Amino acid sequence: MSTPSTVDRAFETALYDTADDALDTAASLLAADPAADAELARRGEDFVATAWRRGWQPADLVRIVRRELDDDVHGRLVAALIRAQAPHDRARGPRWTAQLDAVPEQAPPRTDRFSHATAVLELYRLLLRLPALEPLEAGESPYRGRENRPESRTLARIRALLAKAEATGYPEEAEALSAKAQELMARHSLDEALLSAHAPSPDAPGIRRIGVEPPYEQAKAVLLDAVADANHCRAVWNEPLGFSTVVGFEADLEAVELLHTSLLVQAEAAMTKAEAAQRAGGRRRTKTFRQSFLAAYAHRAGTRLRAASEAATAESGTATGADLLPVLASREAAVTDRLERMFPETTTTRLRGAGDAAGWTEGTRAADHARVDRRRPLS
């Protein structure tokens, strides 16, 4: 019978026992045996490969490690493992490749062997306990045969408009830029829907996970849900793991990700400004103010997004003479079916900590400045 390796003994001591003394004992074993380093790294790559089989993706893994371990050292360690495992993995599509390309290339910091072994074991403890997730790959790229097509001019223009909206210090300008971006998103979605409806092999709904980062995750998840709903998608928030799963067609998913990110930037800038004004008036504001601000912002922005989307649909149908309602109804049914098969049981959550009247008022006002109803095209 073979003698257990140093790595086996360390794992038996630390990975299945969360006590600090067990971790210290296992780290001491690894620190004292440099010959175990290669095997320790290989085991880490195996943990990464297991995470992929359990439905995780590169961006998910980086996010959960940074969220749970709250340490740049662990983030660098998991990034190194992901990059090391990638050459041994199968091809998984363009979005997976894009996530791999986004994994940071910073090497873990140099430290003493005991500290390094401790950090590695803490990371492996987390990877070992990751739950299984709903697999995304079957719907990752619903554009059959068009996965590598270049980004359309419309999406490039939307990105540029949102970047300007985030950068400007003038609320009226941000409002107009965001409005134009949503108008273009709605038209782009309708164009894609009509193309798909007449294609020999119609597109199917795809899926994306979008991180919902602290603080104020509830309000941010509400904003993401509102953006998804306005763009013909559905979102389900996983609070413990810090992300929402969004189901929809590819053009709509792209719009959701772009607009949610932009509105968060705009909301946080407006919130900072509103808090400064409150303090200048002698009123000290708290976490409740910020939670209320973001909740009101999400509610108001969602209302205006839906109005802009409905107006664009009506105008496009009139301009093209196309009957869009059957196409949109069919796509909505496909999205709902996909979501219900993935999540047969969901629950609703009541928004907590949004009872500050001043925060709600200021958040509503900020959403008005970022409103996205239809406007005349910018010159």
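This tour goes from a sheet to the helix across it, then to salt bridges. The model is predicted: local features need pLDDT of at least 70, side-chain atom pairs count only at pLDDT 80 or more, and totals for chains, interfaces and linings use all residues. Numbering starts from 1 along each chain as its sequence is written, and side-chain values use heavy atoms, leaving out hydrogens and water.

Select 206–211 and 234–238, strands 1 and 2. Strands here are DSSP E runs of at least two residues, helices H or I runs of at least four, both numbered from the N terminus. The three strands form an open antiparallel sheet, order 1-3-2. Strands 1 and 2 are the edges; each has a single partner strand, so one side of each lacks a neighbour in the sheet. Pairing requires at least two DSSP bridges. Zoom in on alanine 235: valine 246 in strand 3 stands opposite.

**Across the sheet.** Select 217–230, helix 10, which lies across strands 1, 2 and 3. Helix 10 runs at about 165° to strand 2 (axes fitted to C-alpha atoms, for helices over the stretch in contact; angles from 0 to 180 degrees between N-to-C directions; contact means heavy atoms within 4.5 Å).

**Salt bridges.** The structure holds 17 (Lys or Arg side-chain nitrogen within 4 Å of an Asp or Glu carboxyl oxygen). Select arginine 43: its side chain meets aspartate 8 at 2.6 Å, N to O. That pair links helix 3 to helix 1, 35 residues apart. Arginine 43 also meets glutamate 39 at 2.8 Å. Finish at lysine 220, bridged to glutamate 268 at 3.6 Å.
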